[in-house]
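User: I'm new to this one, so please bring it up on screen. Then I'll ask what the words you use for it actually rest on.

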There are 2 protein chains.
Amino acid sequence: MLAYGDRRTSSYDDLLETLTSHIKREPEALSVKTLNQNVVEAEYAVRGAIAIKSAAYQQQLKEGKGDDLPFDKKPITFFRQVLSLCEYRELLDNELAAQIYPPDAIERARQYLDGIPGGVGAYSESKGAVVLRKQVAQGIEARDGHPCDIDNLWLTDGASPAVHYCMKSLLRNEHDCILCPIPQYPLYSATIKLYGGTLLPYYLEESEGWQTTLDNLRVQVGTARRQGKQVRAMVVINPGNPTGQVLDRDNQELLVRFCKEEGLVLMADEVYQTNIYAEGKSFVSFKKVLMEMGDDCTTSVPLVSMNSISKGFFGECGRRGGYFECINFPKEVKDQLYKLSSISLCPNLSGQICMALTMNPPKPGEPSYELFAKERDDILSSLKRRAVLVKETFDSLEGVSCTTVEGSMYAFPRLTIPPAAVKAAADQDKQPDFVYCMELLDKTGIVTVPGSGFGQEKGTFHVRTTILPPESDMQAVSDKFAEFHKGFMAKYKNQNGSK
Amino acid sequence: MLAYGDRRTSSYDDLLETLTSHIKREPEALSVKTLNQNVVEAEYAVRGAIAIKSAAYQQQLKEGKGDDLPFDKKPITFFRQVLSLCEYRELLDNELAAQIYPPDAIERARQYLDGIPGGVGAYSESKGAVVLRKQVAQGIEARDGHPCDIDNLWLTDGASPAVHYCMKSLLRNEHDCILCPIPQYPLYSATIKLYGGTLLPYYLEESEGWQTTLDNLRVQVGTARRQGKQVRAMVVINPGNPTGQVLDRDNQELLVRFCKEEGLVLMADEVYQTNIYAEGKSFVSFKKVLMEMGDDCTTSVPLVSMNSISKGFFGECGRRGGYFECINFPKEVKDQLYKLSSISLCPNLSGQICMALTMNPPKPGEPSYELFAKERDDILSSLKRRAVLVKETFDSLEGVSCTTVEGSMYAFPRLTIPPAAVKAAADQDKQPDFVYCMELLDKTGIVTVPGSGFGQEKGTFHVRTTILPPESDMQAVSDKFAEFHKGFMAKYKNQNGSK
């Protein structure tokens, strides 16, 4: 073997060096200047500067208090029992374990492991283990009253992979656009940027409780087309994140028809489907809407519906589990999605199992049902009370208004920020709502995300806050927030906006 | 709100339609023709046609027999005990559980959960929970004798995310190249294609036990530069997949110096680091090599070292756990990697915990040590025997030669395929080794991957086979393989290659 510095023939290498000496090489092996600039330009607000600072605080305080970290919430016992049994198969036939675990948890774990010979430690099919996909399909069928073919179903590590696969597949260059609601969950803006496409915004109407209106959609698509853009897909988040609205069925049908007319893929982010709080509101899946329209749309609008174990009453976000279902996708396109999923080999098995459990929880009459139902109802009714409290708190503050938190886990109140504060933020080259949220964190430890991270109509300012703090702390958190807000307003109110 | 079909003003919409009518829209909302062609063109051989057919067979046979699915291997008891306890926190203080679980497993689970307030169900830091990253760092320090800063460490869902992050960040367009060994693990070719770059091959020398020689590297880089390409990084897989070699330390130093000279990032795929079988061979991490060179390289060559829980003696592949460590990465570049990891929120917690366990297993004197050491040694010594048996089997066959399986989990024997079989394959528009592997599957149920999926020198043919079948079945598998091979050779030998 040649050692380093040896040359095959010196004349050969001399020639090579002469030939190649004019080629410009990057001056450094690795610098941010020579990275893919789509990566550098992508932003992800929910894990941005404020989340990082909050994590640093948490590290100091050794206490958990963060966005999307529902620390007060105990997990659903039945789910954890099954998962614990699946981890350690020996427990299934252990007499002591039979005294710890209820029989239906043992039975369920046995059913899953029988269907997954390698257990939680072996790769499954890239779309997810068949026994678990069947359980998810059953849950979807029970929800919608329409069949679900497991061939259309992918289990995933959270809902994010579906978004990555779709963006990666649909976006060919910067002329390809994805219609996104504004405000939106920043996963969409981040992935569209990462994969080199263009986000085409459509503004939700705050004055109409964040419903979607068609006029804005039509104008945006028309403008984009005039600029030579191709509009590929439309993202709808229902219930809304960060906006908390639940779409009316009429509104959903309009959106499906719009996708039909404009030739768009409908990407339905339905991860908050069990988080509905407002009276008279209920979740209807886009699949159900599509299936029941009974016209051309039913058989032709491509729909991808996403779900997750991270939300709902279970909130198993650290486990990373989710699924997506494709409707009206050509087989060849599904083959490509299958290939993309196979490049990650398979989603993690405990996430897959948890997804199956959430879609097929204990049923009335089964030993674990009573406890399961109590845990579920306690959490959902508590979230409902918190949703009301959060809105009331914000509405009581000067210069703040908040739409009803109909669903999901967030409130997105609008702030009237005094001109002096806007000016002060501009002087720091920051957004006013960013400055507000950072001061809030520094003074109170309360973590929020500035509205600018989700997008908002120009000249308006918002913060996103969760309804997840422990209910026992909610009043104290509200009081602290209110006190901070009064101080913030007082500090800037009497300034005139110039230095 | 406007209903569908309502118009803001008819003249406005008429105008819009006139203006936009010339814009060409895609004829279908979704078809493979209008997808990103990098997605369509990406290939992933280990989950290709043969794996799919094998999965179909498995479904029929209801038995496990597949590539990378070590079904005979019992998991490491201690790891599963800790994971099971972490899933169901109530067990930590349960008296019956104290009779099932050894005290050090309970203690370890308590330590982890104390450090992760939300447990396995809450998001952790995007780079992984601090308590777990510290454990991994300790394991790296014990392995190398050099400090590991947890700031340089990311826990991940398997080793793949590190590859995705690097390719996504480094590749700006098709002029950016990544040097990849050929044969290579197809994750590299797939991700380079997906992210729009170019794979620059360097051939491993089969006649030298698949070591790397510099002359080929130099020629390839020179040729690429002459064509205006930028070479960004070099992938090294050690121990090799699919080739099973363990690099000599001298060879590793050469490669580091080459990266220094050429300004490349060194991507070290070290997922088989505990799978070493050959006498006199041992694993030395590229980090250790780099740290101990003591020259410019030590402080300037950017290195990313990847590891995984999917391999080794634990083989927890379905759980999806891994880590990568960055050395000599500028802070600004690490910030970008952090952002990319944050877009996926966090790696799954059970994978993180398992990664920490594999890097910090029970120590001598602890209650679980004896069983742990026995389980580890049994598996590794069995794999070692299988590595020898597989090589001997292949060497005994006519027209087959196999390099020593020094490490990893694979053999990559070379086949001399008769001209008539090459011709028959060409007639089906297939690679000859693909046809060989498909016939092997159909006739024997043995799953292999054709060498063409990994890349091989033109005119040579290989198959990749694992050493993972249960040891008790190995002889029977070998016999079946040998019988098939003889039949295949006999069938084509006496044909002259033309119809």
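User: Where is Pro242(A) found?

Analyst: Pro242(A) lies in the loop between strand 4 (230-237) and helix 11 (249-262) of chain A. Helices (H or I, at least four residues) and strands (E, at least two) are DSSP runs, numbered from the N terminus. The peptide bond leading from Asn241(A) into Pro242(A) is cis, with omega near 10°. Most peptide bonds are trans.

This is a predicted model: local features need pLDDT of at least 70 and side-chain atom pairs count only at pLDDT 80 or more, while totals for chains, interfaces and linings use all residues. Residues are numbered from 1 along each chain as its sequence is written, chains are lettered from A and ligands numbered from 1 in the order in which they are written, and side-chain values use heavy atoms, with hydrogens and water left out.

User: What makes strand 1 and strand 3 of chain A edge strands?

Analyst: Start with the order, 1-7-6-5-4-2-3, in an open sheet of seven strands with mixed pairing. Strand 1 (153-156) and strand 3 (198-203) of chain A each have a single partner strand, so one side of each is left without a neighbour in the sheet.

User: How do you know that strand 2 of chain A pairs with strand 3?

Analyst: Pairing takes at least two bridges found by DSSP between two strands. Strand 2 (residues 176-182) and strand 3 of chain A have six and run parallel, so they pair. One bridge links Ile182(A) with Tyr203(A) in strand 3.

User: Why are helix 18 and helix 19 of chain A called oblique?

Analyst: Helix 18 (residues 432-444) and helix 19 (residues 471-493) of chain A pack at about 125°, with their axes 10 Å apart. Axes are lines fitted to C-alpha atoms, for helices over the stretch in contact (heavy atoms within 4.5 Å), and angles run from 0 to 180 degrees between N-to-C directions. Under 35 degrees is roughly parallel, over 145 roughly antiparallel, 65 to 115 roughly perpendicular, and the rest oblique. Helix 18 and helix 19 of chain A are therefore oblique to each other.
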